[in-house]
Amino acid sequence: LRAYLEPRLLHLAEPFASLRGAIFVRLDSAPQTLCHFDLHPANVFPSKDETVVIDWAYTGVGPLGSDAGVLASDAIVDEMVAPDEADRLVEAVWEAYRDGLGDDELAAAAEQVYALGTAVRYSWLPAWLAGTYGPPMTESRSAAVAAGHAAFLDRALAFL
């Protein structure tokens, strides 16, 4: 996450820009697990009786809950889910992830990572919306980006 954010540091929105160090400490102290770190929906495929995940180039150890956040937010921002479904998707992904953990203590730690980790990871989205960072924005993409940012913002603020 630190490496991912490095080229985007000048474009991070508050409060995540000034609190990212404290957020990193919290993410580092969360339970760690094997993470894909690019669990974009286009990297996940159904195959007969199983699910296949490709593109493991960024795999490493990271905080429990981070891949779920990338999956949900990328589905929204990349227009795979309608903007008006963003909150529903974010909640559904969280509920499925939490239920899969089957442990309340792990789920509490993962929920914080899901919210804070995803919000800080994508805290450059407001700069993209404003046209000060990233490729040109289209009208439909703008709605998707705004929805993706908003879907995690309130969740994350609850943990700050």
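A crossing is left-handed if the near helix is turned anticlockwise from the far one by less than a right angle, and right-handed if clockwise. Helices (H or I, at least four residues) and strands (E, at least two) are DSSP runs, numbered from the N terminus. The structure is a predicted model, in which local features need pLDDT of at least 70 and side-chain atom pairs count only at pLDDT 80 or more, while totals for chains, interfaces and linings use all residues. Residues are numbered from 1 along each chain as its sequence is written, and side-chain values use heavy atoms, with hydrogens and water left out.

**View 1. Helices α2 and α5 cross in a left-handed sense.** The axes of α2 (residues 16-29) and α5 come within 10 Å and cross at roughly 145 degrees; axes are lines fitted to C-alpha atoms, for helices over the stretch in contact, and angles run from 0 to 180 degrees between N-to-C directions. From α2, the contact (heavy atoms within 4.5 Å) involves Phe16, Arg20, Ile23, Arg26 and Leu27, and from α5 Gln112, Val113, Leu116, Gly117, Ala119 and Val120. These residues comprise seven nonpolar, two polar and two charged. Ala, Val, Leu, Ile, Met, Phe, Trp, Tyr, Cys and Pro count as nonpolar, Asp, Glu, Lys and Arg as charged, and the others, Gly among them, as polar.

**View 2. Helix α3 packs against helix α4.** The axes of α3 (residues 66-77) and α4 (residues 86-101) come within 10 Å, crossing at roughly 160 degrees. That makes α3 roughly antiparallel to α4; angles under 35 degrees count as roughly parallel, over 145 as roughly antiparallel, 65 to 115 as roughly perpendicular and the rest as oblique. The crossing of α3 and α4 is right-handed. Ala68, Ala72, Ala75 and Ile76 of α3 are in contact with α4 through Ala86, Leu89, Val90, Val93 and Tyr97. The contact of α3 with α4 has nine nonpolar residues, no polar and no charged.

**View 3. Helix α4 also packs with helix α5.** Here the axes of α4 and α5 (residues 104-121) are 9 Å apart, at an angle of about 150 degrees. The two helices, α4 and α5, are therefore roughly antiparallel to each other, and their crossing is right-handed. On the α4 side are Val90, Val93, Trp94, Tyr97, Arg98 and Leu101, which meet Leu106, Ala107, Ala110, Glu111 and Tyr114 of α5. Nine residues of this contact are nonpolar, none is polar and two are charged.

**View 4. Five residues form one aromatic cluster.** Its members are Tyr4, Tyr122, Trp124, Trp128 and Tyr133. The structure holds seven aromatic pairs, where rings of Phe, Tyr and Trp (its six-membered ring) pair if their centres lie within 6.5 Å. The charged end of Arg121 sits over the ring of Tyr4, 4.3 Å from its centre, and that of Arg8 over the ring of Trp124, 5.5 Å from its centre. A charge sits over a ring if NZ of Lys or CZ of Arg is within 6 Å of the ring centre and within 35 degrees of the ring normal. Tyr133 is in the loop between α6 (125-130) and α7 (139-157). Not counting residues up to four places away in sequence, Tyr133 touches Pro7, Arg8, His11, Trp124, Ala127 and Trp128.

View 5. Most residues other than glycine have a negative phi, and most peptide bonds are trans.

Technical notes
Phe/Tyr/Trp six-rings, centres within 6.5 Å; stacked < 30°, edge-to-face > 60°.
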